[in-house]
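Please keep the sequence and the structure in view while reading.

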Amino acid sequence: METRHENASRDAAREPGGLSVQVRDLTWRPFGRSRPVLDGLDLTVEPGERVLLAGPSGSGKSTLLRAVAGLLLTADAGDLSGTVTVGGLGPQDVPGSVGLVLQDPGAGVVASSIGRDVAFGLENVSLPPGEMPSRVEAALREVGLTMSPDSSPATLSGGESQRLALAGALVMEPSVLLLDEPTAMLDAATAGDVRAVVADVVERRGLTLVVVEHRLDGWLDLVDRLVVIDDSGSVVADGEPRQVLREHGDSLAAQGIWVPGMPDPVPLTLDLEPARGAAAGRVPPGRVVAAASDVRVEHRSRRLGERSRTTLAVDSADLEARAGRSVALVGPSGAGKSSLMSALGGLAEPARGTVDVALPLTPAETGRRAVARDRLAPPHEWSSPDLARVVAWVPQRAATSLVGRTVRDDVLTTPLALGHDPDVAGRRADALLGALGLAHLADADPRQLSGGEQRRLAMAAAVAHGPALVLADEPTVGQDRLTWAAVSGVLAAARDEGAAVVVTTHDPGVVGHADRVVRLEAPTPPLAAREPERHPLLARVGPLALLVAALCVLPLPALLDTWRQGLAVLAVEVVLGLVGLLAPGRGRAPEGRLRGVLARLAPAALAVVGVAWSAWLLGGRDLEVASGAALRVLCLLVPSAFVVGFLDPEGLGDHLAQRVRLPARPVVAATASLQRLQSFDTLWRELMTTRRVRGIRADRGPLARAREAVVVTGGLLIGALGQASTLALAMDARGFAEARRRSWAGPAPWRLPDTLAVGAGLLVVAAAVAARLLLP
């Protein structure tokens, strides 16, 4: 039973305006780390105060924000002590009182439309559905998102994704707003827009604000206070921002803080031992290593329950990378910088245009140095060892580049795969780890590193084998002054070895050190077809009815005895499925309907063949027994292959909760899992691309590919767990953890097509009964 004091505190927490934050003796040591990230930290933030939190990379700034939000144990495990209160209560005692915007806003998207994503927090506090649309529209309008609430989050640029995350936090009317590097990956104009939105909302609502940023410029005029944490997780400076900088500027800069007004640090000078057999330096200085001409890059994606989408990323672009030179690709978020880089390095196949990459010959091949020949095949068709010898890649999502058991193993993976001398490779790896501040983590699990540390590890692994072309996608994001100098020094060292270096960046310091700057603009998307696409009949059926229709076939194995019965029922299923794919009405015919069904049946073919083979062996090598067993499995799988492409996970959750009355928590968890399941193909491609460019992709042999599939599946599961942790953090940041009762923003109607679909499922069962009676 609540006391009168607790009731009063909860009422105060619901009032507009900011609340105080009290952190007392907070200590946090993640499992697997020998020393705490935060050690006995104390911090008080007054109601309505606006605080900028700074510190070196890996000092625990993001950890502190999660602690203030009450979410430190949601996605991590470790030893935690101390207390955190917001307005005198626990951070999660009043759902929605603390709003947290994560470092990667796209990783925290919980719905398939921006309107539903913003409404997620309102559902968790059981707001009546009729009140949600106005609240959602107001939040979107407040952050400057003017597109339809039905728009997909996948179509948003980086700046728009930040605005969406901000709207999801603001719609719950928090009293404390926590922002984790909200402008780190944005161009200057977009970052300024995001800061202006934050300043306006915080001022009008009187919120308490804590924002983490490495770059202090742009925030100093928007905050009241600057708090600096050192690399031991303790507060070393605290006060009015400009006074702190006047009194401690030199010492803060020495710790790695980006102190405004101070010149950028000089890139670290790094003298690497030459890698024997390296491709770097074999193309004469100034000669073209890679060239893209009239390149067009498209990205195709499809989510369950939706039609496929094609996004134009790059159109009619040209780019050259020359030996011993560096190129900086700049431009607004969404301009296609990463896509053009991937095409240049053979990591993605362009939809149009040509890409040529020189494949340097080794002395063993030619007897002489500094000779290059052009590969006849385009680079996206090269074998893994050939590509790895020439091309290195530092992706934006550094976590997908990890392949080693330890940090040092990860750096050595490519040199050893290419047959480099182990002693030389080891010394080179140790030099890179020392320069990048990772030597003390050489034996650590790379998956336990912070985001900035993982990015530096990816940089070390990229240049360890001396490639001829280094592709670095936003390599300095999340770095302090010291680690920035180290990363810049490694890029300079690769260039000095003779590599062509291409970086995508919004960092003026990186641009200033480039030999050439190429600016990209977002391509003009093609005009949408005037005639809308027709919807197949199955797309007009509700998700619950589709699920029930697919489940109707579960009794079939018990009803079917012979191959003739199975064939008859399969024919009925195929006819009904093809009818469901019909798209009557006016408009364009939808594409790929039957192709999608066949693609979904392809993996099932292995199960069918396996069952048939087992039945043949165990059934006295009788073909009728084997074919009967195979057809029973097909009868179970074919209906799902037809309907799963039209099954909207979000709509299914609405129906299961509102019509079947299932508990809210498992329904939301299952829906979120289905949403994330659709990203597995993207994650699989990223992991395979990493293995290919690291020289360990299995190019030949079914046994080698089978072993690789097992390894990558393990990586996929690890990646999925990481995504699930981030998603859980995003969901709990919007009140899901403490939701006792829940409402639903989406309707759950039952219409005539739903009844007909269930009837079709029952018709299949009736056909099985008839076949059992009529066919021997």
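What follows describes a predicted model, beginning with a helix pair and then turning to aromatic pairs.

Helix 20, which spans residues 593–618, packs against helix 21, residues 623–643, at an angle of about 155°, and their axes are 8 Å apart. Because angles over 145 degrees count as roughly antiparallel, helix 20 is roughly antiparallel to helix 21. The crossing of helix 20 past helix 21 is right-handed. On the side of helix 20 the contact includes V597, R600, L601, A604 and W616, and among the residues they meet in helix 21 are L623, V625, L637 and F642. By class, this contact comprises 19 nonpolar residues, one charged residue and no polar ones.

The structure also contains three aromatic pairs, and two of them are set out here.

| Pair | Centre to centre | Angle between planes | Class |
|---|---|---|---|
| F120 and F736 | 6.1 Å | 40° | tilted |
| W258 and W484 | 5.7 Å | 90° | edge-to-face |

The phenylalanine pair links distant parts of the chain, since F120 belongs to helix 4 (residues 114–124) whereas F736 sits in the loop between helix 25 (702–732) and helix 26 (752–774), 616 residues apart. Both F120 and F736 are buried.

In the tryptophan pair, W258 lies in the loop between helix 8 (241–255) and strand 10 (288–301) and W484 lies in helix 15 (residues 481–496), so the pair ties together parts that are 226 residues apart in sequence. W258 is buried, with a relative accessible area of 5%, and W484 is buried as well, with a relative accessible area of 0%.

Definitions and conventions: Residues numbered from 1 in each chain as written. Predicted model: local features only at pLDDT ≥ 70, side-chain atom pairs only at ≥ 80, totals over all residues. Heavy atoms only, no water. Axes fitted to C-alpha atoms, helices over the stretch in contact; angles between N-to-C directions. Helix = DSSP H or I, 4+ residues; strand = E, 2+ residues; numbered from the N terminus. Parallel < 35°, antiparallel > 145°, perpendicular 65-115°, else oblique. Left-handed = near helix turned anticlockwise from the far one by under 90°. Contact = heavy atoms within 4.5 Å. Nonpolar A, V, L, I, M, F, W, Y, C, P; charged D, E, K, R; others polar. Phe/Tyr/Trp six-rings, centres within 6.5 Å; stacked < 30°, edge-to-face > 60°. Buried < 20%, exposed > 50% of the residue type's maximum accessible area, 1.4 Å probe, protein only.
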